[in-house]
Amino acid sequence: MPSSTTRTTQFKIIFVLYSLLLGLLIGGLAAAFLALINLSTHLIWQVGYSHFNHPAYPLVIGLFGGILVGLMQRSWGPYPKTMHETLSEFKQTGAVAYQHQVGKNIIAALVVLACGASLGPEAALSAIVGGLITWLGDRLKLTAHQQTLFLNMGIGAMLATIFHAPFAGVGEAIEKTPLREHFKSHFNQMLLYILTTATGLLGFTLVNQLFPKESPFALHTPTIHWTLAVWPLLILALIVGFVFGNLFLKIEQWCQWLADTIHRPVLLAVIAGICLGACGLLSPYLLFSGEHYLLTFTKSGLDQSFGYLLLIGLGKTVLTNLIFAFGWRGGKIFPAIFASAAIGLSLAVLFPYTPGLLVATVVAVSCTIIVAQPYVTATLLLFLLPLQFFPIILIACIGTHKIQQLCIK
């Protein structure tokens, strides 16, 4: 008869295998979901626009999307669920509802994102991942601790795949308090996060090969020249990022207050759709999450005027928070990165010395304040920005989080 030590070892091996399979499943699921969104976006914004070539087309799509979103909000309630709501539901109930929920999350997210909302897919995916893990937990008879670990690993793997950030899962592991029921050290938990993320990226890549793939986004900047002139500009970039990050949160509060005051879901969604369409008439950079535009935007950013870049950054911020508060729900991480990059570029236009460092610092500081997770933010930005900036990004993220905590106290 096997000893208790042998049974424990066998359980750990099985649990690790389950974790690897979970990562593979989540990666494939994320790739399929993004492919569905890209297909819908292509049909609406390229095929549809080619058949109805009219300047007011974005306004029509925004209005049509607003009606659909409003009707869904009135019938179903707030969908798709956000990452914060998914984690809160799991903390309170020990599970994420999946019966009659997954379809609503997918349909609502598809309508919102395909119609050009300045939001990302991570909200719907986190809800889908949470429901999947609860479903697996029910069938595998996992404990509450094991399901919590699965959920954190799953969201880390999801972030890693959709943001092309292989170490996002490690950032999630660092942010979380270690669960020591089956893994006696923080190192073991981080290793499990890494393995789960690796299989997630593998699953994402395998499924993604079946669909056309956009070029990865990046910011190309020259090498840092560490002269005395850099330091005052670096401090200025820290201040600008800190102010913009808090402004983003303040605008979020104002938009939510306005939505709570009106409190009519269909009307709110239609107003948001009209605002979205109007912004689409002004600039395509205000539409969508900004992921596929970031490469071209940052390449040409230094050739734009300070006023234009500032308008894009602030416009993206207001539009993202407005449509979210008004019922068009989705993730805010990538729109926040894009808006922060626009603000950073506006600063680099005024002070063109080492522009890449200024942009990287503004993005790191502002996104740390918005996301409120310094290590996750740093790992998300690791492959988005040039690698030589990562030490500065990491220091800026950690330092900003400490300062923000002191300000709150």
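Modeller: What follows covers a nonpolar patch and then the cysteines. This is a predicted model, where local features need pLDDT of at least 70, side-chain atom pairs count only at pLDDT 80 or more, and totals for chains, interfaces and linings use all residues. Residues are numbered from 1 along each chain as its sequence is written, and side-chain values use heavy atoms, without hydrogens and water.

Biologist: Which residues make the nonpolar surface patch?

Modeller: A patch joins nonpolar side chains (Val, Leu, Ile, Met, Phe, Trp, Tyr) within 5 Å, from residues with over 30% relative accessible area and no salt bridge; a salt bridge is a side-chain nitrogen of Lys or Arg within 4 Å of a carboxyl oxygen of Asp or Glu. Areas come from the Shrake-Rupley method with a 1.4 Å probe. Here Leu59, Leu63, Ile67, Leu71, Ile274 and Leu281 make a patch of about 460 Å².

Biologist: Which helices each supply at least two of its residues?

Modeller: Helices are DSSP runs (H or I, at least four residues), numbered from the N terminus. The two are H2 (57-76) and H10 (265-282), with the largest share, four residues, from H2.

Biologist: How many disulfides are found?

Modeller: A disulfide is a pair of cysteine sulfur atoms within 2.5 Å. The whole structure has zero. For Cys275, the nearest cysteine sulfur, that of Cys279, is 6.7 Å away.

Key. Patches are made of residues with over 30% relative accessible area and no salt bridge: like charges are joined within 9 Å, nonpolar side chains (Val, Leu, Ile, Met, Phe, Trp, Tyr) within 5 Å.
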